[in-house]
Amino acid sequence: MKHQHYLSGCRPKPLASYLKAVGLLRLLSEQKDPDAKGWWENEKFVVQTSLDREELMGFFCKEYVPTPVIAPWNGGSGFYLGDNQEGMNAILESSDGRFNNYKEVISQVQSWPEIPSFQTVEDIYGLLKTTMASMGTGKKRDDLGKMLNSIEGDAPPLELLNGRSVLEIPLEEVEEASKANDAPDKSKWQKWWKSLKKARTNCNTIKRAENKTAIIPLCRARLPESCLPWIDAVCAIGDHEGFSYNPVLGSGGNEGRLDFSNTFMKRVSDLFISGCMENTLRLFDSAVFDTVIPELVYAKIGQYDPGKAGGYNQGMEIETKEFKINPWDFILTIEGALLLGGAVARRNPTNERTHFTAPFTVSFSPVGFSSSSSIESGRYETWLPLWNNPASFHEVQYHFGEGRANLGRNIAKTGIEFSRAVGSLGVDRGINAFERFIFLERRGQNKVALPAGRINVKFKPQLYLLHELDTVLRPVLAFLRATKNVPATFVSAQRNIDNAIFACTQKPDPFAFNNLIREIGCLERVISTHNLSAKPAKPLLGLSPKWVAHCDDGTVEVRIAAALASISSTGKVGPIRTNVSCVNPSKPWLWDDTRKSCWFGNSLHERMCNVLKYRLMDGERTSADSIPFDSFLSISPHDVMLFLGKECDDTKIEELFWGFMLVDWKKEGLQELRKSWSEPIDEEPLSRAWCLLKLLHLPNKIRNPKTGMPIAIKSEPRISQLLSANRLKEACDIAVRRLRVSDLNPFGVTYDEPADATRMLASLLLPISGQWKLESLVIDRKTNKQK
């Protein structure tokens, strides 16, 4: 009979709770019920097993065999003099058969000659003296000299040493004499023992630094197979004897002074050796099924539960530094962390020898959480999978062993890339969501595993568009890496882009893409303001017109910005980007340091007016065949009326315009965009004065109603001057005369109307479709035919 247990104490977050769930499934499957299965349901972990609740509790409290978790390469691991050895000694002295393997492993390591053992004063004195002799002059050498002098100077008189040399005295004897109440001259023994303890600590540090690189490989080579999951989860041994540590297990199985292996042994001894079985059962019931009990203990759980990591002002009892925890929480957390060591060696990239590639662990991206900032000191983040279908431990282990996310042909290496991979189905099937944990410094230099949100695994085809950014932004990333003192504006712009990309992966709607292209536009604007020596070697370029379609939120701002950015070359007059960002007119993929930007003024329409004037002058200077307002994309004249009537957001238009200038309009997607924009957003009445003036600023010719021949209308430079001076009527009079000179007969009506003349001048820059609408409101075709 199968029993389903809903483990209310095992939830997706914090990290301790998640690891506790998978640790419980691992131990249950490996030691009791191979057919056990687990899954996540309603924010709880569910276990299906042949054991009922009482049998499940009985197995863990009476039969569970702890994994031999040791870390002799760390200080505080219990293998060095001065370490807390309470848990280790309790296991060594236990007669319980389930600790036999643990005892054998500990005894084996203690017998290694590589583990330093300081028995006499001479052992300490000799090491310090040898180390001092090999050092150059400096403070560290002076400190060792003072330490040697204190060993000799603080020693008791020779009569208290029974005629022995100071160096012959065993350290154990000195410690006992310093604690004995009846010892003669106890204060002298205490003073000497204080100096010797300090010296011993220094010696331990020296020996650990010398032996650490040797002890880790020795552990993997000499210890039994039962220790390998722990060692592989802690670190990876790379090329040239290099080591990389799993961030989930700190810096080699420790977090600052908190050694996980020693703490694990202490928690094991508290539950199974010194503790009573009844209390152990209650604690397990509380840890797994979330029942309330009073028998918690003051202890540390480390980075796995930020709310209980310790320190003042950390929740309840703000005046208390330490927190009460359940020993089972720490034990099952460490047992679950062993799942993160699968396939480490074969998945280390050859170009990143010291980079630890743990399952679903990538480089930190400071985006996507409320406290994110550019100064965050995180290095890694882990995305842990959630699945809703029952899975055996071997299936879960396989997922973790192959735990990676693919972004196209590459493996995701950062948090942003992982988020993109989740949305493009670059992860294993069967996973419903990922819980994100980032490792940040929040308690001095100690890190905590901060929950940073959840992303559901759902196919989002829009995210494939983000692949284009990898190529477009590559020059910027190369510039940032190669520049020693990067301008703060570049860093800020790049970070804003990262935030916008992450937001797109969460909800890839037009609003998110709109925001992203605006941030890219801000980067383009920042680049354009720097000289050649302080910006990327080449301009950014390469987005497809599909970006415009994905940014289309149904507003006129998107249409105006895209049409403006699509103004292309006319003869020797380059695209509009040459006037704004100073790219080469004939080679827009290169900068042109001889040009100056004409994008200046106090408002968007003033800046557009300047571009219009410069393009008209360039067209005249280079004898262009037509008005240099050709474009790949055009909008309805009715949409222009919204701009003319100030019914749009100029800031949004300008930011989108800068972003859309990175679009390569010859790529796929332009035709679909033209079709979708064939109808205006709103049938706003057309301004007859604007229609008149726009006929003199069209790149296309006007067909003569009388002859049927196309007529090229010559531009009038005075019109832009008059409109800049807010003299609309005079500008319209000149336009009427120009049409009549060109053998066209405009309607004999008054073209003057209340309007912002400078804004009307700016609107003449916008490319339009439906030229016939303008002609029908301005040119009297019947009169022309009668003549």
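Visitor: Is Phe600 buried, partly exposed or exposed?
Guide: Quick background before that: this is a predicted model, where local features need pLDDT of at least 70, side-chain atom pairs count only at pLDDT 80 or more, and totals for chains, interfaces and linings use all residues. Residues are numbered from 1 along each chain as its sequence is written, and side-chain values use heavy atoms, with hydrogens and water left out. Now, buried means under 20% relative accessible area, exposed means over 50%, and partly exposed is in between (1.4 Å probe, protein chains only). Phe600 has 41% relative accessibility, so it counts as partly exposed.

Visitor: Where is Phe600 in the chain?
Guide: Helices (H or I, at least four residues) and strands (E, at least two) are DSSP runs, numbered from the N terminus. Phe600 sits in the loop between α21 (576-580) and α22 (604-621).

Visitor: And what about Ser581, is it buried or exposed?
Guide: Ser581 is also in the loop between α21 and α22. Its relative accessible area is 0%, so Ser581 is buried.

Visitor: Which side chain does the Ser581 side chain make a polar contact with?
Guide: A polar contact is a pair of N or O atoms within 3.5 Å; within protein, one must be able to donate a hydrogen and the other to accept it, and residues adjacent in sequence count only if both atoms are side-chain atoms. For Ser581, the partner is the side chain of Glu524, at 2.8 Å. Over in helix α8 (residues 186-222) there's Ser195, whose side chain has a polar contact of 2.6 Å with that of Asp154. Ser195 is buried because its relative accessible area is 11%.

Visitor: What does Leu249 touch?
Guide: Contact means heavy atoms within 4.5 Å. Leaving aside neighbours within four places in sequence, Leu249 is in contact with several residues, including Trp230, Phe260 and Tyr304. Leu249 is in the loop between β5 (243-245) and β6 (254-255), and counts as buried because its relative accessibility is 0%.

Visitor: How do I read a sheet? What is the strand order in the open sheet of four strands?
Guide: Two strands pair if DSSP finds at least two bridges between them. Here the order is β1-β3-β2-β12, with antiparallel pairing. β1 (3-7) and β12 (391-392) are at the edges with a single partner strand each, so one side of each has no neighbour in the sheet. Five bridges join β2 (residues 37-41) to β3 (residues 44-49), and Trp40 has Phe45 in β3 as its bridge partner.
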